[in-house]
Amino acid sequence: MASSICWRCLTDASPQHTLRQAARRPPRTVYVPTFSFSTSPSPHRKPLNPKNTSSGAKVAPKKGTKTLIIGKKKFTPENRARRPAPGERKALRKRIVLSNVNALEVPGMQDISDQNMFDGRLEGQVLGFSGRLVDQLRAVEAFKSSQGWGLFRRPGTLMRRETLDMGKMIADMSLGDGPRKTIRRIVVGERGSGKSMMLLQAMTMAMLKGWTVINLPE
């Protein structure tokens, strides 16, 4: 005689029993995936993955905006060089060197004097300044740093036709013949043409004649 367990197994495996079990089960729900749809413009839409700024994450600043960075300053090496004293730079820039010991000595160079400052035979030649005359010209600040005195052994000047004419005029005024008169001259020319040098020559000739020279430097 077959056991009741075997009969139950055969009964459950029958087609009628399978249909009855399927009818008893609740109906299943099928989920269809959906996606959100928005008609807003892209600049105004909500970002899909917004950045969490509350957690302390750094966000790049917008273009054209200034940001204040608070933190450690960039290390800069300390400059231990001595800073120049007030007026030292200007004094170095305005320093005038009137002699160069490394320059060659010009043999046979005459010194300018009250006797040869209007001699036409010296046209085109270079005449030197004596030591006493250099001290007088330095006292009235007649020399300039842009005149290139440091290229020569000692200061000298070129006797041009204009220089000789000016020397002749000063010599005639020193004679005292005739009524006294005042002569005014305006020196014009391009930059680097020798206006300052001609003024230096005029002061030199006036000092050689014993005049009182008043110079208004720059």
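One definition before we start: buried means under 20% relative accessible area, exposed means over 50%, and partly exposed is in between, with a 1.4 Å probe and protein chains only. Helices (H or I, at least four residues) and strands (E, at least two) are DSSP runs, numbered from the N terminus.

Now the ground rules. This is a predicted model, where local features need pLDDT of at least 70, side-chain atom pairs count only at pLDDT 80 or more, and totals for chains, interfaces and linings use all residues. Residues are numbered from 1 along each chain as its sequence is written, and side-chain values use heavy atoms, with hydrogens and water left out.

Overview first. The chain has six helices and two strands. Along the sequence the pattern reads α-α-α-β-α-β-α-α. There are 218 residues, and 20% of them count as buried. A contact here means heavy atoms within 4.5 Å. Take the contacts with a separation of 6 or more: 75% of them join residues 24 or more positions apart.

Let's start with helix 4. Which of its residues are buried? They are Leu133, Val134 and Leu137. Down the axis of helix 4, these buried residues fall within an arc of 100°, so they line one face. That arc is taken over the directions from the helix axis to the C-beta atoms. As background, an α-helix has 3.6 residues a turn, so residues three or four places apart point the same way. Helix 6 is among what covers the buried residues of helix 4. The face turned away from the buried side carries Arg132, Asp135 and Ala139, which are exposed. For Ala139, the relative accessible area is 62%.

What comes after helix 4? Glu141 follows, and its phi is positive, near 55°. Glu141 is a residue other than glycine. For context, most residues other than glycine have a negative phi. Glu141 sits in the loop between helix 4 (131-139) and strand 2 (156-158).

Now the aromatics. Searching the whole structure turns up one aromatic pair. It is Phe143 with Trp149, edge-to-face, at 5.3 Å centre to centre and 85° between the planes. The cut-offs: rings of Phe, Tyr and Trp (its six-membered ring) pair if their centres lie within 6.5 Å, and planes under 30 degrees apart count as stacked, over 60 as edge-to-face, the rest as tilted. Both Phe143 and Trp149 are buried.

On to helix 5, residues 161-175. Its 15 residues should span 21 Å at 1.5 Å a residue, and the end C-alpha atoms are 22 Å apart, which agrees. The expected span is 1.5 Å times one less than the number of residues. Buried in helix 5 are Thr163, Leu164, Met166, Gly167, Ile170 and Ala171. Seen down the axis of helix 5, its buried residues fall within an arc of 160°, so they line one face. Strand 2 and helix 6 (195-208) are included in what covers them.

Look at Thr163 in particular. Its relative accessibility is 0%, so Thr163 counts as buried. Leaving out residues up to four places away in sequence, Thr163 touches Met117, Leu158, Gln201 and Met205. After helix 5 comes Gly176, with a positive phi near 80°.

Next, helix 6. How many of its 14 residues are buried? The count is 10, so the helix is mostly covered. Among them are Met197, Met198, Leu200, Gln201 and Met203. The buried residues of helix 6 pack against helix 4, strand 2 and helix 5. The 14 residues should span 20 Å, and the end C-alpha atoms are 20 Å apart, which agrees. On a 1 Å grid over the protein atoms alone, a cavity is a set of points where a 1.4 Å probe fits but cannot get out, while a pocket is an open set with protein on both sides within 12 Å along at least five of seven lines; lining residues have an atom within 4 Å of a point. The largest pocket has a volume of about 1300 Å³. Of the 38 residues that line it, Ser196, Leu199, Leu200, Met203 and Asn215 are the closest to its centre. Helix 5 and helix 6 are the elements that give two or more residues to this lining. The largest share, eight residues, comes from helix 6. Volume here is the space filled by probe spheres set on the grid points, which are joined across faces, edges and corners.

Asn215 and Ala139 are 76 residues apart in sequence, and 9.8 Å apart in space, C-alpha to C-alpha.
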